[in-house]
Amino acid sequence: MMAVAIIEHGGPMVLKPEERPVPKPGNGEILIQVKAAGVNRPDVAQRKGTYPPPPGASDLPGLEVSGIVAAIGEGVERWRIGDEVTALTPGGGYAEYCLVHGTNALPIPHGFTFTEAAALPETFFTVWHNVFERGGLQSGETLLVHGGSSGIGTTAIQLASQFGATVIATAGSAEKCEACIRLGAARAVNYREEDFVLAVKEATEGRGADVILDMVGGGYVDRNYAAAAMDGRIVQIAFLSGSKTEVDFSKLMVKRLTHTGSTLRPRSVEFKAHIAAELEAKVWPLLAARKIAPVMDTIFPLREAWRAHERMEESSHIGKIVLDVA
């Protein structure tokens, strides 16, 4: 099979097509003939050498795929050869075939293309766990989403709005802010021109945000504490501006804040299966009804994965970047 590998750590051009043997499914696994693969920030970090794959995972990048079940390992009961699925994988998505544990796959929502379906798993698994499970977002509360025009951000805006929350999003341009509003955000803050802390206070009549989803880190940590409501929950999922900063922890105490965080890729198959079941029950019907959908930015051929990484690192994209493998 053809795959795109990281031949050395470095810039986008280290992503090179190469021939690899087609993997064989083990116990509980399915082999997917990949039709499309999502591109995510962790792929970029792996390429640079700052986010190695967990033990036992493929060294190929790619954390989400869609395609057709081509082979089935022992112990797999749900799937049959020929089924169309989308799946979360710990690695290996940048290839014509990819192994996935059967419990970490989901049916492609009705009417979705393979490229749309490949844009679902990483962002929807991440948002569901961090916003609704760790963050405990409830109907009637306010969610502040940093990076509102990213794949994670566009997903969080739509899901939170559908489940009855008010969303405030930050983004880096007027175009990106407009996209956030179209997706359901009540307020979009251009962080290059406005102070998001003041904007959140103004939008909530001084109360602050109940849940904050942050992938920026750095100086945003202290400002998140200022923007949070009493008993607010800040959920950290990345550190685009660095993982070290100076923070006034008195705000954490006075406001009774919870600052938590998580990574998805190293978690167990069983943990991811739990999220998959939650998504299928509570979110997949919304996708099938087209009440929500992934925001698609650009689609590149698999052989040109380096272009997809360039696009992501430019940070001008709105929504998901996907590789067409078919």
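Let's start with α3 and α9. From α3, Phe 124, Phe 125, Trp 128, His 129 and Glu 133 meet Phe 271, Lys 272, His 274, Ile 275, Ala 276, Glu 278, Leu 279 and Lys 282 of α9. Contact here means heavy atoms within 4.5 Å. Helices (H or I, at least four residues) and strands (E, at least two) are DSSP runs, numbered from the N terminus.

By class, that contact has 7 nonpolar, 2 polar and 4 charged residues. Ala, Val, Leu, Ile, Met, Phe, Trp, Tyr, Cys and Pro count as nonpolar, Asp, Glu, Lys and Arg as charged, and the others, Gly among them, as polar.

A word on the source. This is a predicted model; local features need pLDDT of at least 70, side-chain atom pairs pLDDT 80 or more, while totals for chains, interfaces and linings use all residues. Numbering runs from 1 along each chain as its sequence is written, and side-chain values use heavy atoms, without hydrogens and water.

Now the pockets. A pocket is an open set of points on a 1 Å grid over the protein atoms alone, where a 1.4 Å probe fits, with protein on both sides within 12 Å along at least five of seven lines; lining residues have an atom within 4 Å of a point.

The lining of the largest pocket has 19 nonpolar, 21 polar and 9 charged residues.

The second largest pocket is lined by 29 residues. Gly 56, Ser 58, Pro 90, Gly 91 and Leu 99 lie nearest its centre. Which element gives the largest share of that lining? β6 does, with 5 residues. By class, this lining has 15 nonpolar, 8 polar and 6 charged residues.
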